[in-house]
Amino acid sequence: MKLCMIGTGYVGLVSGVCFSDLGNDVICVDKDQDKINNLQKGIIPIYEPGLQELTLKNFKNKKLKFSTDLKNSIKKSDIIFICVGTPTKKNDIGADLSQIYSVSKEISKSINRFKIIITKSTVPVTTGDEIEKILLKKVKKNKFSVISNPEFLREGEAIRDFIYPDRIVIGANDNKSAIILKNLYSPLISKGAKFISTNRRAAELIKYASNAFLATKITFINEIANLCEKTGIDVEDISIGIGLDKRIGSRFLRAGPAYGGSCFPKDTKAIVTTADKFKTNLSVIKSVIKSNSLRSKLLIKKVNEILKNKIKNKKICFLGVTFKANTDDMRDSSSLEMIPFLSKKGAKIKYYDPTGLKKEFNKLKNVSFSNSIQDSVKNADLVILHTEWNDFKSINFKKLNPSKNLKIYDMRNIYSPLKVKSQGFKYFGIGR
Ligand SMILES: NC(=O)c1ccc[n+]([C@@H]2O[C@H](COP(=O)([O-])OP(=O)(O)OC[C@H]3O[C@@H](n4cnc5c(N)ncnc54)[C@H](O)[C@@H]3O)[C@@H](O)[C@H]2O)c1
């Protein structure tokens, strides 16, 4: 099939590349000329394991193209996926849908034959209805179908998640388009992915409800970790003890920093705003948002306690600054709150991240990027294990920093407290 992905970011690029690998002809469009120029030269704009190889393979065999020409790309395609951003509004906590609506207007000008238009972006309930209204201003109803097909891939595991999803959700208000979509996804369905066909509004809500539920699970275990710290219990035991109950499940039950990333923070806020619009109070999700927003402050307070209220001039090393491992995405990472705060208090911060220097910290006083774990840990007073990269799982701290005064704040509970303590270091974890 001929597909057009509008927006070549994490979702548009990964799904476009994977669809081309499944044998479709895919054009990935973006308004960012530099991004498209780079992609045409084989330079991938994001860090995502396996993406480069798959992109180059399909670009070479001409199943995958990159363009900034939205009009022609739409005209040549049967199915249009909208994959642009839906960030939080600047002065409000609702979703900013301006990119979605501007793309919808562009699409309405280029419909030359029947097209299926799909929102893969995460959009609030009734957005599909609004897109339909925009299209109807220029195009007859029988020339298009608007469908919701939310994406559930996780950064860092995006290709695997796309090819082996738990489920594929199609929200269509007409049967014909749902069948076309089922055919498009048939190679994944035959590998075991569950196919859920529902109406458009339900598909839109499934995505938000999923993210809100996962954010709730993380926040729940983070609060239980706070209690564990006060009662001398290791939260890891609690995670195992409750996670083995099949009704609960063990995933998303690892205590750590505040949840971040490009989805949970914005999607939890957007769903409560949508619910408020429909006069429904999602009080559980509201408290999750509040608890999570306080979490970085709580962890900063702990850093202050570890350093005995003397942050000024202390050498602090951050290992990992992205919101999770295997991605270069900094959006809403808790390090964006912690590092500026500690720098303001006079700490001397070195950070190392496998995905390199981050422009977000460029202007901060006494914050510098180290290009190795060794260099960042070498003279530190405190090492903060912020992100759970495999590279950080077997560091020989004794070799890198023999000072007995080194303190380790393991925000991912990677290390065994007993082992680290037996090497003579002070160890602090989360909820233990
Ligand atoms: N990142 C994830 O892990 C993830 C997972 C599931 C769902 N989503 C959802 O998918 C959507 C996209 O997220 P993302 O992380 O890929 O965003 P992103 O910011 O990485 O990419 C969006 C791209 O759209 C482009 N764009 C914006 N307006 C355009 C226009 N008019 N024409 C052409 N291109 C345009 C931007 O230049 C950018 O490259 C969001 O709604 C997000 O919530 C994201």
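## Questions and answers on this structure

Q: Is T55 buried or exposed?
A: The relative accessibility of T55 is 2%. The cut-offs are under 20% relative accessible area for buried and over 50% for exposed, with partly exposed in between (1.4 Å probe, protein chains only). At 2%, T55 therefore counts as buried.

Q: In which helix is T55 found?
A: Before we go on, this is a predicted model: local features need pLDDT of at least 70, side-chain atom pairs count only at pLDDT 80 or more, and totals for chains, interfaces and linings use all residues. Residues are numbered from 1 along each chain as its sequence is written, and side-chain values use heavy atoms, with hydrogens and water left out. Helices (H or I, at least four residues) and strands (E, at least two) are DSSP runs, numbered from the N terminus. On that scheme, T55 belongs to residues 51-60, helix α3.

Q: At what distance does the side chain of T55 reach the backbone oxygen of L51?
A: Leaving aside neighbours within four places in sequence, T55 is in contact (heavy atoms within 4.5 Å) with V17, I44, L64 and F66. A polar contact is a pair of N or O atoms within 3.5 Å; within protein, one must be able to donate a hydrogen and the other to accept it, and residues adjacent in sequence count only if both atoms are side-chain atoms. The side chain of T55 reaches the backbone oxygen of L51 at 2.6 Å.

Q: Which residues is S15 in contact with, leaving aside its neighbours within four places in sequence?
A: S15 sits in helix α1, residues 10-21. With 0% relative accessibility, S15 counts as buried. Beyond its sequence neighbours, S15 is in contact with M5, K120 and F162.

Q: Which elements do the buried residues of α6 pack against?
A: In helix α6 (residues 127-136), 7 of the 10 residues are buried, so the helix counts as mostly covered. Those buried residues are T127, G128, D129, I131, E132, I134 and L135. They pack against β4 (79-82), α5, β5 (115-119), β6 (144-148) and α10 (200-231).

Q: What separates the centres of domain 1 and domain 2?
A: The domain assignment gives domain 1 (2-149) and domain 2 (200-432), with bounds that come from an automatic or database domain assignment. The contact takes 24 residues from domain 1 and 23 residues from domain 2. Taken over C-alpha atoms, the centres of the two domains are separated by 33 Å.

Q: Which residues are closest to the ligand?
A: The shell around the ligand holds 25 residues, each with a heavy atom within 4 Å of the ligand. Domain 1 and domain 2 each supply at least three residues of the shell, while α1 and α5 (98-108) each supply at least two. The closest residues are D30, K35, T86, E155 and K266.

Q: How much of the area that the ligand exposes alone does the protein bury?
A: A polar side-chain atom of E155 lies 2.8 Å from a ligand nitrogen, and an N or O atom in the side chain of R331 is 2.9 Å from a ligand oxygen. Taken alone the ligand exposes 830 Å², an area from the Shrake-Rupley method with a 1.4 Å probe; for residues, only the protein chains shown count as cover. Of the ligand's area, the protein buries 89%.

Q: What is the phi of N313?
A: N313 is found in the loop between α13 (283-306) and β9 (315-319). With a relative accessible area of 48%, N313 counts as partly exposed. Although N313 is not a glycine, its phi is positive, at about 65°.

Q: Where is the place of F252?
A: F252 is not a glycine, yet it has a positive phi of about 60°. Its relative accessible area is 29%, which means that F252 is partly exposed. Its place is in the loop between α11 (235-243) and α12 (264-277).
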